[in-house]
Amino acid sequence: MALVSVVIPLYNEIDNVSPLCTALSNALGDTDAEVIIVDDGSRDGSAAALDREAEARGPRFKVIHLQRNFGQTAAMQAGIDAALGEVIVTLDGDLQNDPEDILPLARRLLDENLDVVAGWRKNRQDGLLLRRMPSRIANHLIRRLTGVYLHDYGCTLKAYRASVIKGVRLYGEMHRFIPAWLSTLTYTDRIVEVPVRHHPRRAGHSKYGITRTFRVLVDLLFVKFFLGYSQRPMHFFGVIGLILLSSGSAMLLYLFIDKFGFGAEISGRPMLIAGVLFFLAGLQFLNTGILGEMLVRVYHESQDKKTYVVRHTVHLDPPA
């Protein structure tokens with residue numbers, strides 16, 4: 001099997017560090033794999049425990065210590081940036097994800113030439129009211145708005161083709177939307193979902209509560225916009241601008257004819273104010289669309305960001 005990189009963001013999991021590393025060693029065996037654990041600014045002794053485990057288990061275990069707690073998405077991005085494998089598998093550090101599922105997910109991705117194999121916690125071992133019900137609502141909304149139909153967006157256990165996952169940058173709380181992000185770089189039929197094991201939390205405390213549902217909803221609005229219009233913002237702002245501009249122009253034209261054709265008094269009519277507001281708002285939306293188009297081009301050209309991803313080539317050196 002090609003080299004597999006296992007990326008695990010971890011924050012304040014002192015009681016799970018040693019069992020996690022043991023489980024990873026047992027699950028990976030002699031496979032050509034590396035483990036990258038990203039300590040997201042832990043304050044409970046997890047950092048020192050990770051260093052001890054890495055020293056004892058050899059070079060395949062790598063630890064990245066972040067300066068402070070930047071959040072799960074940033075920690076995951078740090079691990080992905082450091083990963084060397086052809087396949088990158090992510091999972092949580094609380095041992096609710098089972099390390100025994102790592103290699104089956106990676107094998108299926110390679111055997112079936114997929115780009116994402118997502119875990120589905122079909123028998124999820126979490127509380128119904130505070131964890132499972134909000135998750136079901138969020139998953140339903142994400143499926144409807146993104147068009148990527150997965151049962152369990154919140155499951156961190158996923159296998160990615162490195163050439164694809166490294167083509168996106170993760171910000172904010174966007175780690176749960178990675179399959180949706182990747183749908184801009186690959187076909188959705190190369191994104192599949194398989195049931196995986198899920199265990200009750202054995203030690204430590206969950207870092208998530210009911211409040212994360214609201215953050216998911218806010219992030220989802222941005223994801224929806226990004227998926228549809230990140231490369232063509234004028235199509236979003238321009239359509240709104242043209243509708244407003246046309247409506248305002250029609251109102252003002254009607255008032256112009258009414259005033260100078262029939263001598264009607266228009267100074268106190270609400271339509272005059274609405275027409276002016278619609279006209280100016282339409283111009284503003286069009287200007288925003290133009291600025292958005294310019295910023296997209298500046299962003300891609302200044303950072304040499306490509307608008308495509310090369311899967312493989314035949315008799316051609318891969319692009320630098």
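**Note on the predicted model**

1. Across the chain the pLDDT (the predictor's confidence in each residue, from 0 to 100) averages 85, and 89% of the residues score at least 70. Confidence is lowest in helix α5 (residues 128-146), with a mean of 70, and highest in strand β4 (residues 87-90), at 96. Helices (H or I, at least four residues) and strands (E, at least two) are DSSP runs numbered from the N terminus.

2. This is a predicted model, in which local features need pLDDT of at least 70 and side-chain atom pairs count only at pLDDT 80 or more, while totals for chains, interfaces and linings use all residues. Residues are numbered from 1 along each chain as its sequence is written, and side-chain values use heavy atoms, with hydrogens and water left out.

3. The axes of helix α1 (residues 17-28) and helix α2 (residues 46-57), being lines fitted to C-alpha atoms over the stretch in contact, with angles running from 0 to 180 degrees between N-to-C directions, come within 9 Å and cross at roughly 30 degrees. α1 and α2 are therefore roughly parallel to each other (angles under 35 degrees count as such).

4. The contact (heavy atoms within 4.5 Å) involves Val17, Ser18, Cys21, Thr22 and Ser25 of α1, and Ser46, Ala49, Leu50, Glu53 and Arg57 of α2.

5. An unreviewed UniProt entry places the feature "transmembrane region" at residues 236-257 and 272-296, and such annotations may be inferred rather than shown by experiment. In the model, residues 236-257 are 100% helix and 0% strand, with end C-alpha atoms 32 Å apart; residues 272-296 are likewise 100% helix and 0% strand, with end C-alpha atoms 36 Å apart.

Definitions and conventions. Angles under 35 degrees count as roughly parallel, over 145 as roughly antiparallel, 65 to 115 as roughly perpendicular and the rest as oblique.
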